[in-house]
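Please consult the sequence and the structure alongside the text.

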Amino acid sequence: MGIQAKVYLVGAGPGDPDLLTVKALRLLQTADTLVYDRLVSREILELIPETVSRIFVGKASSRHTLSQQEINALLVELARKRPGVVRLKGGDPFIFGRGGEEALALARNNIPFEVVPGITAAQACAAYAGIPLTHRGLARGVQFITGHRKDNEALVIDPASVADPDQTLVVYMGLANLPLIVSDLLNAGRAADTPAAMVERGTTSRQRNIVTTIGHLQETVERYAIQSPAMLIIGPVVSLAEELNWFMPWAQEMELKYA
Ligand SMILES: C[S@@+](CC[C@H](N)C(=O)[O-])C[C@H]1O[C@@H](n2cnc3c(N)ncnc32)[C@H](O)[C@@H]1O
């Protein structure tokens, strides 16, 4: 079936092309125009036929190639001119991906669209680091939050919402504000010896994990020079990583250690 005249907001998943959905792959191979940003992996871009026109709209958190408003306007404009526009976003479009804003822009301009969910980085990084996000006896729930802070906001994390020690916490965009996040967590009552992991470039061949505690997180991240994109996972479930590290067993000694 060929692509319809609508805009598809498609999740590309966390990086490993095998984690694309069948629907995402079909749309990528039949698109007329692809609009994508920095988090979409090279391996996924290689699956797209050369006949598909590609528009890169950038977005590193501090160095936007196009503003979000410009991206919204571009999608509306392309939808009026092109038969099948795929807006490809890292992970899931509706989880810290501003896909909701893009969908609203389309809806408000009466442009038909579909949303294709992707595997979000929290789930994928946890799975590829051997960390079950919930586990009987260790975590009764999981919370996805952002560590990104607007310039005028003092706190990164709301203490009341992160205090529960039986809840796993997964922090997107946590690297830049790590010292603030650590102090927010300690002030919220999370123990300094709570296990904490950072997963860099999860699911790709360049994935690295560090497993430590909240108290040693900052120094361990610095020692291993962890770079973005990286996912922070906090809670007792992280203690299972050493035993369940199925993806990179060879990296156990070098990068997977308690500090
Ligand atoms: C703007 S958010 C986009 C999240 C995306 N919509 C999703 O559902 O995964 C970008 C953040 O996601 C996390 N992230 C995305 N891909 C990642 C990966 N492969 N490994 C580790 N973290 C990743 C990082 O924390 C990064 O700063």
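Domain bounds, as used here, come from an automatic or database domain assignment. For this protein, the assignment gives domain 1 (7–116) and domain 2 (121–255). The model is a predicted one: local features need pLDDT of at least 70, side-chain atom pairs count only at pLDDT 80 or more, and totals for chains, interfaces and linings use all residues. Residues are numbered from 1 along each chain as its sequence is written.

The centres of domain 1 and domain 2, taken over C-alpha atoms, are separated by 28 Å. Across the boundary, 11 residues of domain 1 are in contact with 13 residues of domain 2, where contact requires that the C-beta atoms of two residues, placed from the backbone, lie within 7 Å.

The ligand is surrounded by 23 residues, of which the closest are G91, G97, T120, A121 and G202; a residue is counted as near a molecule or strand if its C-beta atom, placed from the backbone, lies within 6 Å of it. Because domain 1 and domain 2 both give residues to this shell, the ligand lies between them. Helix α5 (121–128) and strand β10 (230–234) each supply at least two residues of the shell. Helices (H or I, at least four residues) and strands (E, at least two) are DSSP runs, numbered from the N terminus. By class, the shell comprises 12 nonpolar, 8 polar and 3 charged residues. Here Ala, Val, Leu, Ile, Met, Phe, Trp, Tyr, Cys and Pro count as nonpolar, Asp, Glu, Lys and Arg as charged, and the others, Gly among them, as polar.

Helix α7 (residues 178–187) has L178, I181, V182 and L185 buried. Seen down the axis of α7, these buried residues fall within an arc of 100°, so they line one face of the helix; the arc is that of the directions from the helix axis to the C-beta atoms. A residue is buried if 20 or more other C-beta atoms lie within 10 Å of its own, exposed if 12 or fewer, and partly exposed in between, with C-beta atoms placed from the backbone. The cover over the buried residues of α7 includes α6 (159–162), β7 (167–172), α8 (217–223) and β10. Just after α7, G189 takes a positive phi of about 105°.

Strand β7 contains Y172. Y172 is buried because 21 other C-beta atoms lie within 10 Å. Not counting residues up to four places away in sequence, Y172 touches F96, A121, A122, F144, T146, G147 and M231.
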